[in-house]
Amino acid sequence: MSSLLKVDSALKTKVDAFREQITSEAEHLVASFFPKKLLELDAFLKEPILNVSDLKEIHSDITFKIPDPILLSNSHDGLDTLNAKKRKLEDGVEENCQGGTKMPMMSEGMMKSNAKLVDLIERVKPEIRTLIEKCNTVKMWVQLLIPRIEDGNNFGVSIQEETVAELRTVEGEAASYLDQISRYYITRAKLVSKIAKYPHVEDYRKTVSEIDEKEYISLKIIVSELRNQYVTLHDMILKNIEKIKKPRSCNSEALY
């Protein structure tokens, strides 16, 4: 069959070396890295940072001060000040169209993120990226083990395909965790902007605390899911390693 397509011998040697590298790396991941990583994540789940009993401990202070009430005074016609139109600018200030006075909305300077959650996120994100990268390597290894398409004796091939599908699912779920973290920052930024604009509305401040608590719980669930995915993949591949590495039995030829 190889005579139907001419392949450069130098390139074929490099491709074969790449296949051997993927095989060696993937087998090491399944046999050694996955069990070690699941134990690390299990220990991480037991650390105090992920076992805060009172969620108020992860709240961050909102430093925007409530401004003093503005006293309105009548001008010559008694309505000039009250009817002055204001327009909003993109740079976060308001300009009075009548007098041209700019009023900064962020008088307290830059509003800091929740430092405790940022530290936790910076620990979790590398774990998510690691799982995605390692799953991609193992998936490539299993795909390279899939034999050419033939009629019959495809039970082992179906196991390989199910393994690839599971690895692809884990990759997708891990990528969604990164999207979830991005959405947290965006949602919190919008709420903080609302507080800067309406510092006298207490509900916005409480909503920021609720968002922080929700993200903390989500991060703990993410770490738990990462651990569980390592356990599941390790167990699934080990149980089916024979069919994954040799999907077709050589004994079928003896039947004829």
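Mentor: Two notes before you start. This is a predicted model, in which local features need pLDDT of at least 70 and side-chain atom pairs count only at pLDDT 80 or more, while totals for chains, interfaces and linings use all residues. Residues are numbered from 1 along each chain as its sequence is written, and side-chain values use heavy atoms, with hydrogens and water left out.

Trainee: What pattern does the protein follow along the sequence?
Mentor: The pattern is α-β-β-β-α-α-α-α, made of 5 helices and 3 strands. Helices here are DSSP runs of H or I with at least four residues, strands are runs of E with at least two, and both are numbered from the N terminus.

Trainee: How do you know that the span of helix H1 agrees with its number of residues?
Mentor: The expected span is 1.5 Å times one less than the number of residues. H1 has 37 residues (9-45), so it should span 54 Å, and its end C-alpha atoms are 51 Å apart, which agrees. H2, with 31 residues, reaches 46 Å from its first C-alpha to its last, close to the 45 Å expected.

Trainee: What caps the N-terminal end of H1, and what caps that of H2?
Mentor: For H1 the cap is Asp8, with a side-chain oxygen 3.0 Å from the backbone nitrogen of Ala10. For H2 the cap is Asn114, where a side-chain oxygen lies 3.2 Å from the backbone nitrogen of Lys116.

Trainee: Why is Ile121 called buried?
Mentor: Buried means under 20% relative accessible area, exposed over 50%, and partly exposed in between, with a 1.4 Å probe and protein chains only. Ile121 has a relative accessible area of 0%, so it counts as buried. Ile121 belongs to helix H2. Leaving aside neighbours within four places in sequence, its contacts (heavy atoms within 4.5 Å) are Pro126, Ile181, Tyr184, Tyr185, Glu215 and Leu219.

Trainee: How much of the protein counts as buried?
Mentor: Of its 256 residues, 30%. In H1, the buried residues include Ile22, Leu29, Phe34 and Leu41, and H2 (115-145) and H4 (202-239) are among the elements that cover the buried residues of H1.

Trainee: What makes a set of residues a nonpolar core?
Mentor: Its members are buried Ala, Val, Leu, Ile, Met, Phe, Trp, Tyr and Cys residues joined through side-chain atoms within 4.5 Å. The largest one here has 46 residues, and Val124, Ile128, Val138, Trp141 and Leu219 are those with the most contacts inside it. H1, H2, H3 (155-197) and H4 each supply at least two residues of this core, and H3 gives the largest share, 11 residues. Val124 touches Phe44, Leu219, Ile222 and Val223, not counting residues up to four places away in sequence.

Trainee: How do you know that Asp212 is buried?
Mentor: Its relative accessibility is 1%, so Asp212 falls on the buried side of the cut-off. Asp212 lies in helix H4, and a polar contact of 2.8 Å joins its side chain to that of Arg188.

Trainee: Why does Glu171 count as buried?
Mentor: Because its relative accessibility is 12%. Glu171 sits in helix H3, and its side chain makes a polar contact of 2.8 Å with the side chain of Lys139.

Trainee: And what makes Tyr177 buried?
Mentor: A relative accessibility of 10% places Tyr177 in the buried class.

Key
Polar contact = N/O pair within 3.5 Å; in protein donor to acceptor, adjacent residues only side chain to side chain.
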